[in-house]
Amino acid sequence: MSKKLQAIRGMHDILPDKTPLWQMLEKAMFDVCQQYGYREIRMPLVESSDLFCRSIGEVTDIVEKEMYTFDDRNGDSLSLRPEGTASCVRAGLEHGLFYNQIQRLWYQGPMFRHERPQKGRYRQFHQIGIECFGMSGAEIEAEVILMSYRLWKKLGLIDELKLEINSLGTSDERASYKKVLVEYFAQQPELLDEDSTRRLKSNPLRILDSKNPAMQALIEAAPRLIDSIGDESRQHFEQLQAYLQDAGISFSHNPRLVRGLDYYSHTVFEWVTSSLGAQGTVCAGGRYDGLIEQLGGKQTPAVGLAMGVERLILLLEQREWSTQQPLAYIVYQGDDARQQAMRLAETLRDELPGQGIILHCGDGSLKSQFKKADKTGAQFALVIGEQEVEREEVGVKYLRERRDQLQCPQNELASLLKNNS
Ligand code: ATP
Ligand code: MG
């Protein structure tokens with residue numbers, strides 16, 4: 001017996017019952033991006049593996065153990081993109097988008113990471129991202145945070161989400177902090193778990209990001225990066241806080257907040273919820289001034305964020321949503337009627353462009369057609385039988401109200417439906 005075909009573990013179909021919620025979220029984000037003058041960019045799903053190793057960092061969870069990497073037929077090492085920033089910077093460099101230019105960009109689409117699937121964590125998941133280039137002030141950081149804030153308000157999620165911010169300082173400041181941190185952790189090697197012991201040499205800052213509960217007390221007592229950053233970095237961070245306060249956005253300073261990717265400097269932030277367990281971060285971002293140079297470009301300041309769409313959908317699913325139903329379902333009996341029904345459907349779609357008009361396809365008794373009409377959630381069944389063909393009329397049956405069926409001339413139908421919907 002052949003094996004049943006199934007989707008790959010951790011990769012999900014988004015079925016038609018759920019897509020309206022996705023579309024609603026995407027539309028809300030699209031509107032916000034337009035309001036702030038952001039332009040969409042679309043990048044390939046596959047890139048050279050080298051791009052991610054050089055940008056995200058060799059010693060990060062993503063590159064060490066989560067990437068889908070394979071050799072293509074030419075023997076080149078390729079990877080499915082695990083995130084969008086690296087591709088966006090590659091595209092910007094390749095097409096000269098950073099040369100003396102300010103860029104405000106956004107993108108959306110699937111990302112791939114080989115993680116253990118659980119609620120809010122998948123192997124193919126979707127992000128909506130924003131990336132800004134050429135602006136070094138805290139205003140642009142405030143702007144991307146304000147955009148996300150506006151989106152949460154539009155979606156009614158603002159009460160569920162909390163903003164945490166931190167500053168990682170400059171790369172020099174981080175380098176001297178790393179020494180302090182290594183000294184601290186090295187004093188108590190028996191308290192480090194396996195990952196952290198490995199990271200002590202390779203990437204000690206990432207120990208702060210550990211999700212292992214047994215590590216939390218040790219992490220809590222560690223020296224804080226914020227205490228070892230210089231005046232300039234501190235002022236930048238204070239400026240951001242002042243902008244957020246002025247905009248009425250509440251936030252908390254989480255001195256342990258570091259990100260899982262190496263390219264961040266100065267501001268980092270996360271929007272978190274307490275209702276998705278360990279998968280509580282729905283949006284994360286920050287400044288990454290070093291990345292473009294690191295990938296071969298000129299020093300260019302940059303700020304970005306990425307939202308986990310599935311996690312936002314999980315939050316949105318917790319409430320009732322009404323989805324738009326079709327306006328009318330056209331039923332008919334006989335060949336002449338079918339022809340007229342097809343014509344009528346097109347005319348209605350011309351005249352009522354915002355509405356769904358479904359035309360019955362195939363045969364079947366009127367009774368069974370009405371059943372199908374009812375199932376679609378349509379407000380009206382429009383009936384064309386022999387008599388209607390002759391008189392150029394349509395029977396209008398109300399499917400959601402107790403009202404008598406009425407007859408309407410075909411050329412008056414659009415206005416009748418408009419007035420009744
Ligand atoms: P986490 O700490 O939850 O693993 P991360 O730091 O790896 O997240 P980022 O690389 O910053 O996440 O990605 C930004 C956002 O994308 C996350 O905040 C989250 O909402 C979402 N995300 C990341 N990985 C996954 C995944 N495997 N499945 C679903 N969403 C994800
Ligand atoms: Mg992760």
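Arg39 stands opposite Leu105 in strand S5. This pairing belongs to a predicted model, in which local features need pLDDT of at least 70 and side-chain atom pairs count only at pLDDT 80 or more, while totals for chains, interfaces and linings use all residues. Residues are numbered from 1 along each chain as its sequence is written, chains are lettered from A and ligands numbered from 1 in the order in which they are written, and side-chain values use heavy atoms, with hydrogens and water left out.

**The sheet**

Strand S1 and strand S5 (residues 103-112) run parallel and are joined by 2 bridges; two strands pair if DSSP finds at least two bridges between them. Helices (H or I, at least four residues) and strands (E, at least two) are DSSP runs, numbered from the N terminus. The open sheet has 8 strands in the order S1-S5-S6-S11-S10-S9-S7-S8, with mixed pairing. S1 (39-40) and S8 (251-253) stand at the edges with a single partner strand each, so one side of each has no neighbour in the sheet.

**Helix H4**

H4 lies across S5 and S6 (124-133), and runs at about 45° to S6. Helix H2 (residues 49-56) packs against H4 (residues 85-94) at an angle of about 105°, with the axes 9 Å apart. The two helices are therefore roughly perpendicular, a term for angles of 65 to 115 degrees. Leu51, Phe52 and Ser55 of H2 meet Ala86, Ser87 and Arg90 of H4, where contact means heavy atoms within 4.5 Å.

Thr85 also lies in H4. Beyond its neighbours within four places in sequence, Thr85 is in contact with Tyr107, Glu131, Tyr263, Tyr288 and Leu291.

**Aromatic rings and burial**

The whole structure holds 9 aromatic pairs. Rings of Phe, Tyr and Trp (its six-membered ring) pair if their centres lie within 6.5 Å; planes under 30 degrees apart count as stacked, over 60 as edge-to-face and the rest as tilted. Phe133 and Tyr288 have ring centres 6.2 Å apart and planes at 80°, so their pair is edge-to-face. Phe133 is in S6 and Tyr288 in the loop between strand S10 (281-287) and helix H10 (291-294), 155 residues apart. For Tyr263 and Tyr264, centres 5.0 Å apart and planes at 55° make a tilted pair. Ring pairs link Phe98, Phe133, Tyr263, Tyr264 and Tyr288 into a cluster.

The table lists buried residues (under 20% relative accessible area; exposed is over 50%, partly exposed in between; 1.4 Å probe, protein chains only).

| Residue | Relative accessible area |
|---|---|
| Thr85 | 6% |
| Phe133 | 0% |
| Tyr263 | 4% |
| Tyr264 | 6% |
| Tyr288 | 1% |

Key:
Axes fitted to C-alpha atoms, helices over the stretch in contact; angles between N-to-C directions. Parallel < 35°, antiparallel > 145°, perpendicular 65-115°, else oblique.
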